[in-house]
Amino acid sequence: MSFDALLRANMDFERARFNMVEQQIRPWNVLDQEILDLLFVVKREDFVPPAYRAMAFTDMEIPLALDGKATGEHMLPPRVEARLLQALKVRKHEHVLEVGAGSGYMAALLAHRARHVVTCEIHDGLAAFAKANLDRAGIRNVTVEKRNGAQPAGGSRFEVIVLSGSVPFVPQEMLQRLAVGGRMVAIVGEAPVMNAQLITRGTETGFSAENLFETSAKALVGFPAKDGFRF
């Protein structure tokens, strides 16, 4: 590709990114300027499978295909990612757990706001894809773990937890990973009715949940199907 062609392509991406923010994300009540600015810093197109790069800024779930083969997983729409990030109010000293690394894009956004991010991915190919994307972006405060994030590993608690997919309910085991004062976002329910929730742990035994918006997302693999706890 010639320099002029490369320049035009980059300009097209910047125009598409600007339109994404102004036409999709800001109108969806994402008004935190630091979040909006971050969407220009972390290049979403660099975390999208090459076959879908031109669709990086569309208001849709993008299939996560590896070497032309579908994984069955998808990136959340940009407005959903931004709205969840805004709700969490992540601070620089905080440690974050993400379940469902996917392409690594949400982990990259979180990493710019937090001290450290652990992101779990049950699909080996996607774990490698996420790590490669994060490494190429120069993001060093993310650890990608190839495992089922629904199953606790160690006794660490996190100030912030992100479930980057839907669950029929949030299991007690996951709630116990949240530090007192911590926040979790999860898309809870079953199609066609799901709610993005902000869950806060006020005390050792006290949790509260706030419905943020209605949406829909593919279920996270490895979570129990039957409800054992409900707010």
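Contact is defined here as heavy atoms within 4.5 Å. The structure is a predicted model, in which local features need pLDDT of at least 70 and side-chain atom pairs count only at pLDDT 80 or more, whereas totals for chains, interfaces and linings use all residues. Residues are numbered from 1 along each chain as its sequence is written, and side-chain values use heavy atoms, with hydrogens and water left out.

The protein comprises six helices and nine strands, assigned as DSSP runs (helices: H or I, at least four residues; strands: E, at least two) and numbered from the N terminus. The radius of gyration, taken over C-alpha atoms, is 17 Å, which agrees with the value near 17 Å for a compact globule of 231 residues; the globule rule is 2.2 Å times the number of residues to the power 0.38. The C-alpha trace spans about 60 × 35 × 35 Å along its principal axes. Of contacts between residues at least 6 apart in sequence, 54% join residues at least 24 apart.

Helix H3 (residues 78-88) is largely enclosed by the rest of the structure, because ten of its eleven residues are buried. Among them are Pro78, Val80, Glu81, Arg83 and Leu88. The residue following H3, Lys89, has a positive phi, near 50 degrees. Gln86, located in H3, counts as buried at 17% relative accessibility. A polar atom of the Gln86 side chain lies 2.9 Å from the backbone oxygen of Asn29. Beyond neighbours within four places in sequence, Gln86 is in contact with Asn29, Val30, Leu31, Asp32 and Ile35.

Met60 occupies the loop between helix H2 (33-41) and strand S1 (62-66). With a relative accessible area of 31%, Met60 is partly exposed. When residues up to four places away in sequence are not counted, Met60 touches Met55, Met75, Leu76, Pro77 and Pro78; Pro78 is also one of the buried residues of H3. Between Met60 and Glu98, 38 residues apart in sequence, the C-alpha to C-alpha distance is 21 Å.

Definitions and conventions: Buried < 20%, exposed > 50% of the residue type's maximum accessible area, 1.4 Å probe, protein only. Polar contact = N/O pair within 3.5 Å; in protein donor to acceptor, adjacent residues only side chain to side chain.
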